[in-house]
Amino acid sequence: MSLRERSAGGAAAVEAGEDAAATLAEPDGPDRCLSLLPWDRFSAWLHCVCVVGFDLELGQAVEVIYPPHSKLTDKEKTNICYLSFPDSNSGCLGDTQFCFRFRRSPGRKVSLCCFLDQLDRDLPVYLKKDPAYYYGYVYFRQVRDKSLKRGYFQKSLVLISKLPYVHLFRTMLKQIAPEYFEKSEAFLEAGICSDVDRWPPPAPGKILHLPIMGIIMKLRIPTYRDKPGTTPIVQNMHQADAQISMALPTVHEVDLFRCFCPVFFHIQMLWELVLLGEPLVVMAPSPSESSETVLALVSCISPLKYCSDFRPYFTIHDSEFKEYTTRTQAPPSVILGVTNPFFAKTLQHWPHIIRIGDIKLPGVYTSYKPYLNKDEEIVKQLQKGVQQKRPTEAQSVILRRYFLELTESFIIPLERYVASLMPLQKCISPWKSPPQLRQFSQDDFMKTLEKAGPQLTSGLKGDWIGLYRHFLKSPNFDGWFRSRQKEMTQKLEALHLEALCNENLVFWSQKHTEVETVDLVLKLKNKLLQADREQLPVKTETLKKLQTHINDIILALPDDLQDILLKTGT
């Protein structure tokens, strides 16, 4: 059934979206949502929608940007132009979908209302937005057209977003792009953009209903509370919500097995290379294959976040081309997906090259010697699946579980050791600053591995110690440890707040001078501001109790001081 045939249900679908948007359940109550302005809902999902065409004089050019007020710098527009078209050698006739990632220009103001910041905090670490980058999701069409001088119609519809929701935007483009190429620009604003501006915010953990062109996409964004490896199923077409046209099993995952199929004898080595942040280049015949493979590599160490840069599709016109291909220094910690044969020469000095798509040359070209012994069992399991014609979705589930168990076996000893750096709760005094975390000691950590290492959860043999030593020098360890430090420091601040709440602060103030009491009030007010600003893991009752303490202390002071302190924010 075409989208036009479904359009009779479009108004109802849009109303359903408006209802969903109107009945938001934000973390801090409905009042937050009332302040949303026109296009705020759109901006929660997309930065803008671009149309990139081919001009005989200019080459690739951004023809349209919606909404018209969306801001892109000239450098960003140039990157979008070149990254939205496959390389000419790819020979992509018909329709092609792929994605890219590019740096935002420095100095750009990041505008996100506070409740969207809260939504970001509820995401698993590997799905959090990186404010320094945009994703581009592309639907490219190239068909023969004798009426055009060039002989071909070439155009891309591109969604620019901060969100790494590859499957969602790919599905969305598959619905809207064919219709757009028939209806042109007016359809962008009246159809696509106005629909997205009715969507509820991207709240993790909730079943969301997103109307788009007469159909509704039903999905759930994961939360950090989800058990790794489990995906709550979003059921399709219940009687109660008969308008649901499409239930998405995931918002962000790619087809792992299809991506790794050409090199699945090397999957364990690739896991090590990604874990260690080694420079990797994927050479593929098309941007769809390069982008999917790069995204599969990045996701193979989940639930760990890959902390270095990665470019699902990278071209010789990219603004970082010189930076990433220079021979004057060692290749950077980055994963690049390329299709231009020129890169075979430019990046031949890179230590690890993955070739896919070419029957004669697929494989991993590297002199790297893995630290761990090869797990023959997973290879046999996947080979058996191929022989039995097991669906790729099922193969991907097996592969994802394998990577998850491997990553968890590796990270659990680190989690256990870092947790031991946390001071005991009895060390937290309401009258002193919160205690500091103990320093991370590589030697002390290594000593724990003998009795509490990965051998407790993994049967894999090999040089685990060597793998840990290498990992501790990598950007992935640095990113993981910084995140852990921040979480634990915030936990200490929260425990310190609770300790303060459990004290009789009014009694304390009666025993001290007015100057000391005023100082205490100002410090307590700052604590409340910090709890709100940093979203400390503190119960709402605790914050209310602390506010009551502050009010009681102020009311016990002389009138002139009361007036000053009640007006003082900090």
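A: A definition to begin: two strands pair if DSSP finds at least two bridges between them. Helices (H or I, at least four residues) and strands (E, at least two) are DSSP runs, numbered from the N terminus.

Q: What kind of model is this, and how are residues numbered?
A: This is a predicted model, where local features need pLDDT of at least 70, side-chain atom pairs count only at pLDDT 80 or more, and totals for chains, interfaces and linings use all residues. Residues are numbered from 1 along each chain as its sequence is written, and side-chain values use heavy atoms, with hydrogens and water left out.

Q: Which residue stands opposite Ala247 in β8?
A: Lys218 does. β8 covers residues 246-247 and runs parallel to β7, with 2 bridges joining them.

Q: What about β6 and β7, parallel or antiparallel?
A: Antiparallel, over 6 bridges. β6 spans residues 207-212, and β7 spans residues 215-220. His209 has Lys218 of β7 as its bridge partner.

Q: How many residues sit between β6 and β7 in the hairpin?
A: There are 2. Met213 is in that turn and has a positive phi of about 55°.

Q: Is β7 mostly covered or open?
A: Mostly covered: 6 of its 6 residues are buried. Buried means under 20% relative accessible area, exposed means over 50%, and partly exposed is in between (1.4 Å probe, protein chains only).

Q: Which residues point which way from β7?
A: Ile215, Met217 and Leu219 point one way, while Ile216, Lys218 and Arg220 point the other way. In a regular strand the side chains alternate between the two faces of the sheet.

Q: New topic. How many salt bridges does the structure hold?
A: It holds 23. A salt bridge here is a side-chain nitrogen of Lys or Arg within 4 Å of a carboxyl oxygen of Asp or Glu.

Q: What does Glu320 form a salt bridge with?
A: Arg103, with the closest N and O atoms 3.6 Å apart. This pair links distant parts of the chain, 217 residues apart. Glu320 is in the loop between β10 (309-311) and α12 (321-325), and Arg103 is in strand β3 (residues 94-103).

Q: Why is Glu320 called buried?
A: Because its relative accessible area is 3%. Arg103 is at 28%, so Arg103 counts as partly exposed.

Q: Which residues are linked with them in a network?
A: The salt-bridge network links Arg101, Arg103, Asp130, Asp309, Arg311, Asp318, Glu320 and Glu323.

Q: Where is Arg484, and what does it tie together?
A: Arg484 is in helix α18 (residues 475-501) and Glu415 is in helix α15, so their pair ties together parts that are 69 residues apart in sequence. Their closest N and O atoms are 2.6 Å apart. Glu415 is partly exposed, at 26% relative accessible area.

Q: And Arg400, what is its partner?
A: Glu253, with the closest N and O atoms 3.6 Å apart. Arg400 is in helix α15 (residues 392-419), and Glu253 is in the loop between β8 and α9 (256-260). These two are 147 residues apart.

Q: Last one. Which residues form the negative surface patch?
A: Glu514, Asp559, Asp560 and Asp563. Patch residues have over 30% relative accessible area and no salt bridge, and like charges are joined within 9 Å. Helix α22 (residues 559-567) gives the most, with 3 residues. Asp563 is in α22, and Asp563 counts as partly exposed at 47% relative accessibility.

Notes. Patches are made of residues with over 30% relative accessible area and no salt bridge: like charges are joined within 9 Å, nonpolar side chains (Val, Leu, Ile, Met, Phe, Trp, Tyr) within 5 Å. Accessible areas come from the Shrake-Rupley method with a 1.4 Å probe; for residues, only the protein chains shown count as cover. Lys and Arg count as positive and Asp and Glu as negative; His and the chain ends are not counted. The place of a charge is taken as NZ of Lys, CZ of Arg, CG of Asp or CD of Glu.
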